[in-house]
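Biologist: Please take a close look at a single part of this model, the surroundings of the ligand. I would like one connected account.

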Amino acid sequence: MKSLRVAVIGGGVAGAELVRVAHPHGPLQFTLIEPKNRIELQALYPEYLGGLARMNELTAPLEPFCDRVGARHVNERALRLEDHKVICESSEIEFDLAVIATGASQNYFNLKGIENTFSINTLEETIRARQFVEDRNPERIMILGSGLTGVETACVLSEGLDASIYVVEARDRVLPQFSEATSELIEKALSKKGVNVLTSVMVAEVREDSVIFSDGSSLDCDMAIWTAGVKPSPFIEGLDLPKKNGWILVDEYLHAKDDIFAIGDCAWVEVGGKLATKTGLEAERQAKHLARNLHRQAEGRLLEKYTVRASSDSQVALISLGCDCAVGIYGKMCIGAPSRLIYSLKSWIDKSFIKRFRCSR
Ligand SMILES: Cc1cc2nc3c(=O)[nH]c(=O)nc-3n(C[C@H](O)[C@H](O)[C@H](O)COP(=O)(O)OP(=O)(O)OC[C@H]3O[C@@H](n4cnc5c(N)ncnc54)[C@H](O)[C@@H]3O)c2cc1C
């Protein structure tokens, strides 16, 4: 069996899960390149912001995890790829195979006044937002964007704070990427919680104390949280790889070009007409699939094709609505009225993900 040096760039949900699943089986030598010293779970950021989750529930230290599975951790940012080498800030990592898993960064779409917004796309930004909530006790909070993150954030904050919460959406319904029935259900749940929903409203500028809309109207607020959209990380922009809308275009084997694969949010994964959503669920599935395929490659066996589970036209999600309630979406089906059982399931899935990196393999 051939031994292969695999460089994994990015130790988030996809990169860390790939190393965890693949390594214990043998001939692959992993180097995980990740500038942070811990694995962080974005799915719990809204709860952290609302004071409902603790730091140790959403993070796990990377070094002990890498030691345990025998992977090398390079605690640096990857800058570019050059002829079977990852060029990092102060070292160069040679590889036989590389896996890019650098996630996505917040897209502000040239918004005016970004400096006046908060974001919960990274842990640092979420901590800053939480600190602001604790120190300033804002009375009116505007959540700009009503995707999964916007909706969950609105629910959590409406529960924990005595503040007026607004959700602002440019399209004509909340959760526009989901079915109309789901949007309707979520909109009802938001109103029941006293969250004000403004649809078909474009944000033109965020000022220190107000949000200005494209029709010239405005609303005062003490805190604006931007949750509307993601884009590829700067690392991806510089790579000479096939791309679609800026994301790394991969085939049905999650393969981009030569000896390079890509998984998770940074990849455009479209298989059999199904476009994978940028979710933890998909990132984790792609990681597990690629882990098995890397072993097949080392053993000289044929690779297996990936099948998308959560696609843009058939979403799969558990959406937390606060009050220990959540709804489950599976394609056009919305599972149950908001229920505690689904909330417990979501909470268990999220928390057990991080636990895997803390204890045994
Ligand atoms: C607030 C929020 C809530 C969410 N809730 C859910 C949810 O409930 N359910 C769900 O399924 N999904 C959810 N998601 C989406 C989910 O978190 C992502 O789809 C998932 O994290 C993608 O995994 P990833 O590994 O591709 O990216 P990430 O987990 O973001 O990891 C990328 C890693 O790459 C590293 N990196 C970046 N650039 C470089 C570089 N140049 N060199 C080295 N490393 C680099 C980063 O530091 C990071 O650790 C949520 C997202 C957010 C923001």
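Modeller: What follows describes the shell around the ligand. This is a predicted model, in which local features need pLDDT of at least 70 and side-chain atom pairs count only at pLDDT 80 or more, while totals for chains, interfaces and linings use all residues. Residues are numbered from 1 along each chain as its sequence is written, and side-chain values use heavy atoms, with hydrogens and water left out.

The ligand is surrounded by 30 residues, each with a heavy atom within 4 Å of the ligand. The closest are Ala14, Glu34, Gln42, Asp265 and Lys346. By class, 13 of the shell residues are nonpolar, eleven are polar and six are charged; here Asp, Glu, Lys and Arg count as charged, Ala, Val, Leu, Ile, Met, Phe, Trp, Tyr, Cys and Pro as nonpolar, and the others, Gly among them, as polar.

A polar backbone atom of Ala78 is 2.9 Å from a nitrogen atom of the ligand. Oxygen atoms of the ligand lie 3.4 Å from a backbone N or O atom of Lys278 and 3.2 Å from a polar backbone atom of Leu281. The ligand taken alone exposes 1000 Å², and the protein buries 89% of that (Shrake-Rupley method, 1.4 Å probe).

Helix H1 (13–22) and helix H9 (280–298) are the elements that give two or more residues to the shell; helices are DSSP runs of H or I with at least four residues, numbered from the N terminus. H9 supplies the largest share, three residues. Domain 1 (4–105 + 231–308) and domain 2 (108–228) each contribute at least three residues to the shell, with bounds from an automatic or database domain assignment.

Terms used. Polar contact = N/O pair within 3.5 Å; in protein donor to acceptor, adjacent residues only side chain to side chain.
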